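Hello,

Here is the structure I promised to pass on. Please open it alongside this message, and read the notes below with it in view.

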Amino acid sequence: MGVRAFDGRKFDNELATEICLGKRPQFNEGTLRNYNNLVKWCLNANPKKRPTASTICYYIKNWLDEMNNGYNYKVMSQFYEADKIKLKFKSQIHPDNMYTSKKISTNEIVNVIEKFD
């Protein structure tokens, strides 16, 4: 929350390989448990176990509806508290990173992963 995934790391084949082998971003203090659970579900290594876009929209819409209609002050207060906490975090951008898509060598990644199998 408030910090990009893998901030401070070079976005290279080493990081890509670690992600393929199961590395996932950490959550900062104050990140909502329901949000953490949804993100972890989205990051499941097995694409068939990830939620659909419709399912994600359903959860987010429910949160927004509950907050807008005053049904769930607990969720609303957690989002407000999280917003306050995220102001404390500073992004640690690696000097070699560009936060756009770029070409990577999947052959190198596959070769490393095959060594683990």
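A helix here is a DSSP run of H or I with at least four residues, and helices are numbered from the N terminus. Read that way along the sequence, the protein gives the pattern α-α-α-α-α. That is five helices and zero strands. Please keep in mind that this is a predicted model.

**Overall**

The protein has 117 residues, and 18% of them count as buried.

**Helix 1 and helix 5**

Two packed helices are described by the angle between their axes and the distance between the axes. What are these values for helix 1 and helix 5? The axes of helix 1 (residues 13–20) and helix 5 (residues 106–116) come within 9 Å and cross at roughly 50°. Helix 1 is therefore oblique to helix 5. Their crossing is right-handed.

Which residues meet there? From helix 1 come Asn13, Ala16, Thr17 and Cys20. Helix 5 brings Glu108, Ile109, Val112 and Ile113. By type, the residues of this contact are five nonpolar, two polar and one charged. The spacing is worth a look on screen. An α-helix has 3.6 residues a turn, so residues three or four places apart point the same way.

Val110 also sits in helix 5.

**Helix 2**

Asn36 belongs to helix 2 (residues 33–42). Asn36 counts as buried because its relative accessibility is 13%, and the cut-off for buried is under 20%. What does Asn36 touch, leaving aside its neighbours within four places in sequence? Asn36 is in contact with Phe27 and Thr31.

**Helix 3**

Helix 3 covers residues 53–68, which is 16 residues. From its first C-alpha to its last, helix 3 reaches 22 Å. That is close to the 22 Å expected at 1.5 Å a residue. Just after helix 3 comes Gly70, with a positive phi of about 70°.

Best wishes

How values were computed
Residues numbered from 1 in each chain as written. Predicted model: local features only at pLDDT ≥ 70, side-chain atom pairs only at ≥ 80, totals over all residues. Heavy atoms only, no water. Helix = DSSP H or I, 4+ residues; strand = E, 2+ residues; numbered from the N terminus. Expected span 1.5 Å × (residues − 1). Buried < 20%, exposed > 50% of the residue type's maximum accessible area, 1.4 Å probe, protein only. Contact = heavy atoms within 4.5 Å. Axes fitted to C-alpha atoms, helices over the stretch in contact; angles between N-to-C directions. Parallel < 35°, antiparallel > 145°, perpendicular 65-115°, else oblique. Left-handed = near helix turned anticlockwise from the far one by under 90°. Nonpolar A, V, L, I, M, F, W, Y, C, P; charged D, E, K, R; others polar.
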